[in-house]
Amino acid sequence: MARRTIGVDLNRVEGDLEFEVDLEGERIVDARCVGTLFRGFEQLLVDRAPRDALVITPRVCGICGTAHLYAAVLSLERLGGLAVPPQATLIRNLCLMAENVQSDLRQTFLFFVPDFVNRRYANHPLAAEIAEAFAPLKGSAAIGALGVSRRILQVVAIFGGQWPHSSYMLPGGVTRGANPRDIVDCRELVGSTIDWLEEAVFGDRIDAFLALDSLDALERWLADPARLRKALPLLCRFSRSVGLDRIGGGARSFLSGGSYHDPERWSPPYDRQETLLAAGLYDADDGALNAFDPALITEHVRHSWFRPYEGGRHPFAGETVPDYQPGGDRYTWAKAPRYGERVVETGPLAELLAAGDMLCRDILTTLGPNTWLRQFARLRRAATTLTWMRSHVTALAGRIGEPHFRNPDDDALAEGDGFGIVQAARGMLGHWVQVRDGRIARYQIVTPTAWNASPKDSQGRHGHWEQSVIGVTLADPDDPVELGHIVRSHDPCLVCTVHFAGSGKRVRYGI
Amino acid sequence: MANLLWMQTGACSGDSMSLLNADGPSIEGLLRSGEIELLWHPSLSDLPAGAFGRLVERIESGQQPLDILCIEGSIITGPYGSGMFDSHRGRPKMQIAAALAARARTVVAMGTCAAFGGVHAAPPNPSDAIGLQYDHADPGGLLDADWRSSDGRPVINLAGCPVHPLTITRTLSMLAADIPFELDFLNRPAVFYSSTVHQGCTRNEYHEYDVEDHEPGGKACMYFNLGCQGPGTLANCNAELWNNRSSKTRAGVPCFGCTSPNFPRDGDLFRTDKIGDVPITLPLGVSRARYMAYKNLAKAAAPVRLIKRQMEP
């Protein structure tokens, strides 16, 4: 059959995403995911004071800057062997949780569901309900999500002054501790966000929703007439009616670095990821959870516009020298991260699978990985996170007056290697830093979208998104809605597929 | 009533997030009232794939009028002046931005990156980033210094990393409703950029009596030792609180001067460079000799409740 190639640019993702897909008839037989932006963040950090990373790296991404700040501060603390007071870890977690909830709600109701009002679905039996809830920037769920996402971010503003782009986590703690007024304000902000989710999204108590532990139980819950028109049941009914539970599987291996460091157990020498939600690699085929080992992370550049090297390199040995050569078989400014040579998916679904969420595991076992499950997991993660926020605020109230910051010695960050790994809104985020003579010598970041949007590696293995669209049949190649559903279910953040170049000296690659 | 095209160049989406944070005027309110008609926003539009390219074609050919063009992000000119570090369907974004600017009634640089180059243009500027009409504080942006849009204005610079949410939506509203406003010496709307970050900071009384912190995490002023640029930075951060709640300096984070053309400055961002005991960069417009005299007197007058850090900022 004749093969033709079409280029597809997708918006309602953060940053720029282009896909090239090869079609035989209407079926996708090959795909190339193209990152179109190089900003050279690492070079901005080389030769700077170590703490400057706390100002520069949040600006990698306007939507997950708290996660970058958290990963950067963990890297420096590991480098310096610095302890963190439990109150500081609670505050850091609370802020990262608020950012993740914000992102999950905006991604679902501003970026993902607008595809449901595509003209292809104009005659769908649910079209009127979908339009009422999900019409872009007008539907009731969209307007509600705008309001609560603004409010939950006030938690970050209380401790960090503003969102996005603040630098309130410093090696040794945070810039301010909690006072009684903060506790009251945080309780109200978390409580009112839960209220909205219960009323408009779930139509049930959040704890009752989180208690669902199998696909059967979920289906009975969804069928309750009391909540048929609420946002989550509506999203589920529509998604499954158009087959989103049958497409977009992808890599079948799910990687989580573990969510939210344990305030009691997170302390030097930092040789384990002591997180409240477990880290691990969850395998869709055998349902096994393998322990997470950061040493297994490598990055390949065989199909990226960077100076070639053999195989994959760990970030501490990484280099990223831009080498733009159009027309060959290299096609993106994104690198290809691999975990022990495996192509993996990361994100809320991976986070919940690793953490032992029985509902997500049961859906995965029954239906296999798919687009609907991935999106469903994002709202379930928001609910889970809000319950953690509730308990964190209570724990914080018990620590008012305890230290929130221990100032490190002047030379604590002068020399060494460190890394920090957190679960950002879109999945696992890692920073790796090397400091020599008091200056940053190398900085490498591996972002969630770098995992998901990776190109082919040096073994020719496709990245996760590429795998998840190959084999899909497009009903209308001029308006490839299927591609939009699959890719947007990952909450893509292309601005985050940063490219961190070189090491040692500051180098300019332009004129 | 005005139509709006929002385009991202070398950006992090932070200004788009700031736009979503604005609650009055809000983006959904501006759309609902009809003040703004959104032709395109990369995160918010629901048009099918390929729509952006078709829209750009119609504007370039003059078929589609364009009232307000917002550019978010640095103009990336590398490698070797090609702009291909930042492209759309094989065409450099810097070329698209210039073509749209030539047709727009008003052009707004949304954020310090688009205005002056921003974080991506910090040394060694690996992607050769510049601003729309400036390269830091100097001419040398994508557009000449004497360039004007069809309403006779230079590029309006909404500085900030990110821009304050309400500065975004208020400026859009002023443009849509034809409310006149003045620009300052860096083409920023003076109404939002005439007071310093220091003004309204709740650590101000510490500053007044020269009660200065020497390490982070404290309650006092951060200007003398911890890198705070608040007294020298023009922005409304403490006059209009962020997220309706606070500001960086209130929360103990030094001001990094993100509305300034030299942001981020090339030095330790958490340390104040000083001559003797006094910062090299003085509060805006103050002479060194008089400032030193004033600070010595102020320190002598400091009340015990401040010296003991009893005031919550």
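1. Chain B is divided into domain 1 (2-191) and domain 2 (195-313), with bounds that come from an automatic or database domain assignment. The C-alpha centres of these two domains of chain B lie 31 Å apart. The contact between them takes 18 residues from domain 1 of chain B and 13 residues from domain 2 of chain B, where two residues are in contact if their C-beta atoms, placed from the backbone, lie within 7 Å.

2. On the side of domain 1 of chain B that touches domain 2 of chain B, helix 5 (112-116) and helix 6 (165-176) of chain B each supply at least two residues. Helices (H or I, at least four residues) and strands (E, at least two) are DSSP runs, numbered from the N terminus. By class, this side has 10 nonpolar, seven polar and one charged residues; Ala, Val, Leu, Ile, Met, Phe, Trp, Tyr, Cys and Pro count as nonpolar, Asp, Glu, Lys and Arg as charged, and the others, Gly among them, as polar.

3. The model is predicted: local features need pLDDT of at least 70, side-chain atom pairs count only at pLDDT 80 or more, and totals for chains, interfaces and linings use all residues. Residues are numbered from 1 along each chain as its sequence is written, and chains are lettered from A and ligands numbered from 1 in the order in which they are written.

4. Between the chains, the contact takes 65 residues from chain B and 71 residues from chain A. Helix 1 (14-21), helix 2 (27-32) and strand 5 (87-88) of chain B are the elements that give two or more residues to the chain B side. Helix 1 of chain B provides the largest share of that side, six residues. The chain B side divides into 29 nonpolar, 23 polar and 13 charged residues.

5. In chain A, three strands form an open antiparallel sheet in the order 6-9-10, two strands being paired if DSSP finds at least two bridges between them. Strand 6 (253-256) and strand 10 (289-290) of chain A stand at the edges with a single partner strand each, so one side of each is left without a neighbour in the sheet. Two bridges join strand 9 (residues 280-283) of chain A to strand 10 of chain A, and Tyr282(A) stands opposite Leu289(A).

6. Helix 11 (residues 231-241) of chain A is mostly covered, with eight of its 11 residues buried (20 or more other C-beta atoms within 10 Å of the residue's own, C-beta atoms being placed from the backbone). Among the buried residues are Leu232(A), Cys236(A) and Phe238(A). Their cover includes helix 8 (180-202) and helix 14 (371-397) of chain A. Gly243(A), with a positive phi near 85°, follows helix 11 of chain A.

Technical notes. A residue is buried if 20 or more other C-beta atoms lie within 10 Å of its own, exposed if 12 or fewer, and partly exposed in between; C-beta atoms are placed from the backbone.
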